[in-house]
Amino acid sequence: MTGGDDPAIDTFGVGIHVAPEEFRFVVHVPSDIDSGWRDPESFQRRIERVTWETLDREGTLRAVARTTDEGETVTLGTVSMRPDGEVVSRSLSSPADPAEE
């Protein structure tokens, strides 16, 4: 999953995994990731920061708790970035919460 015509852009999937006693923020890394990524922890933290700057964290986690069974992962969308940390695009959304409909 690269960022279209620019090989220096990689697109990462973002999700929340429902474990028995916690939620885990998940970043799906493309198999053909650009070699410019030197520090996996750094870009994963950046992606998490971008996600919570875009989505309401509390509301998203509440919706995940109501709609996702233990052991499942709900996809929130994607974040496309360059190895220097520049966010090129994001396509993120919270799951629909039946309690708010």
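Helices, taken as H or I and at least four residues, and strands, taken as E and at least two, are DSSP runs that are numbered from the N terminus.

A word on the source comes next. What you see above is a predicted model, in which local features need pLDDT of at least 70 and side-chain atom pairs count only at pLDDT 80 or more, while totals for chains, interfaces and linings use all residues. Residues are numbered from 1 along each chain as its sequence is written, and side-chain values use heavy atoms, with hydrogens and water left out.

Let me turn to the overall layout. The protein has two helices and four strands, and from the N terminus on these elements run in the order β-β-α-α-β-β. If we take contact to mean heavy atoms within 4.5 Å, then among contacts between residues at least 6 apart in sequence, 60% join residues at least 24 apart. Of the 101 residues, 36% are buried, where buried means under 20% relative accessible area, exposed means over 50%, and partly exposed is what lies in between, with a 1.4 Å probe and protein chains only.

Now to the charged side chains. In general, side chains of opposite charge can pair when their charged atoms come close. A salt bridge here is a side-chain nitrogen of Lys or Arg within 4 Å of a carboxyl oxygen of Asp or Glu, and by this rule the count comes to three.

In one of them, Arg62 meets Glu58, with 3.5 Å from N to O. Why are these two separated by about one helical turn? The reason is that Arg62 and Glu58 stand four residues apart in helix 2, which covers residues 57–67. Glu58 counts as exposed at 58% relative accessibility, whereas Arg62 is partly exposed at 33%.

Another salt bridge joins Glu22 and Arg24, whose closest N and O atoms are 2.9 Å apart; Glu22 is partly exposed with a relative accessible area of 42%, and for Arg24, also partly exposed, the value is 42%. There is also the salt bridge between Glu86 and Arg82, at 3.0 Å from N to O, where Glu86 is partly exposed at 40% and Arg82 is partly exposed at 25%.

Let us move on to the aromatic rings. Rings of Phe, Tyr and Trp (its six-membered ring) pair if their centres lie within 6.5 Å, and planes under 30 degrees apart count as stacked, over 60 as edge-to-face and the rest as tilted. The structure holds two such pairs. In one of them, the ring centres of Phe25 and Trp52 are 6.0 Å apart and their planes meet at 55°, so the pair is tilted. This pair links distant parts of the chain, since Phe25 belongs to strand 2 (residues 23–28) and Trp52 to helix 1 (residues 40–54), 27 residues apart. Phe25 is partly exposed at 23% relative accessibility, while Trp52 is buried at 16%.

My last stop is Thr68, in the loop between helix 2 and strand 3 (73–81). Is Thr68 buried or exposed? Its relative accessible area is 10%, so Thr68 is buried. Leaving aside neighbours within four places in sequence, Thr68 is in contact with Val18 and Val74.
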